[in-house]
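Please read the following walk through the structure with the sequence and the coordinates side by side. The account begins with the division of the chain and ends with its confidence scores.

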Amino acid sequence: MNYAYRLWNVHTGKAHPFNTAAPAIDHGTARPTPDRYFDKDFAAAEWEKVFAKSWLIACPVSDIREPGDFAKFDIGPESFIIVRDQDGSIKAHYNVCPHRGAQIVLSDHGSVGKFSCPFHSWSFGLDGQNIEVTDRETFQPGVLCHDLNLTSVRCEEAAGLVFISMDPDIQPLKEWLAPILPHLELYEIEKMNVVQHKRSDWGSNWKGGVDAFAETYHLHAIHPQTQCLMDDRTHIDVWPGGFSRQFVPFAQPSRRFEDQESVNPGIQMMLRDAGIDPETFTGTAKETREAIQNAKRERAARYGLDYEKFSDTQLSDSCVYSVFPNAQIGLHPEAVFLHRFVPHATDPNQFTYDTCILYRNIDAPGFVPPAWMGLGAEVDLTGDTRPDIVRTGLGEPPELGEVLDQDSELLPIVQAGARSRGFRGPLWSDQEARLRHFHATLDAMMAAD
Ligand SMILES: [Fe+2]
């Protein structure tokens, strides 16, 4: 079924990267064993063979625009410092002092001239080179002959995002990201700023998070409130490297939803977002999505926005990409949602869900982000202030909005069941093709020597 190819038509008639067909990939019908979700040995091997061998999204470029700007990136048992060096290049170092192993940077973000260890005040340049050893004369020369610099890792930038890798021999970032890079680049994420950032601990393996966010099959059961305004049987593409995408048509009732005609309150909200008055809109629910696409094109022309480069589906729908292993990016012309499923340092039954909204500020009267994004009046949309990360612990409601809070309640239930002797491993439908592709990519890396 190629249903979703009806979902776009390109106004310009030019070749569009979104219309490039993904290669056909068949992973068969096998059922993986469930130990991947809870076994400590599996998690330890996964850290070495997957996380230590992959490119990982560390932070958006907007967090380190100026020399001295840094961001701390914590994942599993590791912590990294990502920094803009004096010469404008980006660097990444393990957040570890070579002296006694203390972590050097403790805040999530900041701007410094140099790094100074809180334990004995050894200092380091932005490039990680040692500047000063406190009371140097008390060290024997042979001790000072050892490497006194921070340990650096590979760090490269693409599509407005900074990636790091612990593998010094990994292929160049843009080479690896090539299947989806032109798609991501259309959104000019480098011109966006973080306007909201939340981090919550969930009682589930990190792959339980990846799985739940990579399918819309569960919407009718867990998020029935979405049925009136988004379709859940959607087009999926997968690419080598574990990448995948899915389009979720907005302002269109699910095919499971009985009333396909009425412009219900959810769709009314989306009409208003596009500047259409629902009171005067005469079409049916089936016609709202196209009306929104047209309204967005008209509005873009008024504000001088470069929306010609976007296909119709990119204007109205949620275009969601998986970046292997642990990130998902929801793309919209107005804003990008970066979700990361961060494995716990020691416990495979926990992960940290890190989510931030990157917004492109349009300084024009009357231009506001779509209401469904939930960016309230208190949110600074200008990008002038980088908001602090709002944290919640295990078992606390993460307050991420109704849909995500429903997921946070569900995932520990799935995790508990996955640990049962009675569970023999997942059985994936074609609606869950992205999950099968993700796990097949993971398994291939786990099988490597
Ligand atoms: Fe969900």
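In this predicted model, the protein chain is divided into domain 1, which is made up of residues 3-53 together with 179-447, and domain 2, which covers residues 56-176. The C-alpha centres of domain 1 and domain 2 are 31 Å apart, and the contact between them involves 25 residues of domain 1 and 20 residues of domain 2. On the side of domain 1 that touches domain 2, the elements giving two or more residues are helix 4 (181-185), strand 11 (193-202) and strand 16 (335-343); of these, strand 16 gives the most, with four residues. Sorted by class, this side of domain 1 has 16 nonpolar residues, three polar ones and six charged ones.

The buried residues of helix 11 are Ala433, Arg434, Leu435, Arg436, His437, Phe438, His439, Thr441 and Leu442.

As for confidence, the protein chain has an average pLDDT of 93, and 95% of the residues score at least 70. Over residues 1-15, however, pLDDT stays under 50, and for this stretch the model has 21 contacts beyond four places in sequence.

Key
Residues are numbered from 1 along each chain as its sequence is written. This is a predicted model: local features need pLDDT of at least 70, side-chain atom pairs count only at pLDDT 80 or more; totals for chains, interfaces and linings use all residues. A residue is buried if 20 or more other C-beta atoms lie within 10 Å of its own, exposed if 12 or fewer, and partly exposed in between; C-beta atoms are placed from the backbone. Domain bounds come from an automatic or database domain assignment. Two residues are in contact if their C-beta atoms, placed from the backbone, lie within 7 Å. Ala, Val, Leu, Ile, Met, Phe, Trp, Tyr, Cys and Pro count as nonpolar, Asp, Glu, Lys and Arg as charged, and the others, Gly among them, as polar. pLDDT is the predictor's confidence in each residue, from 0 to 100.
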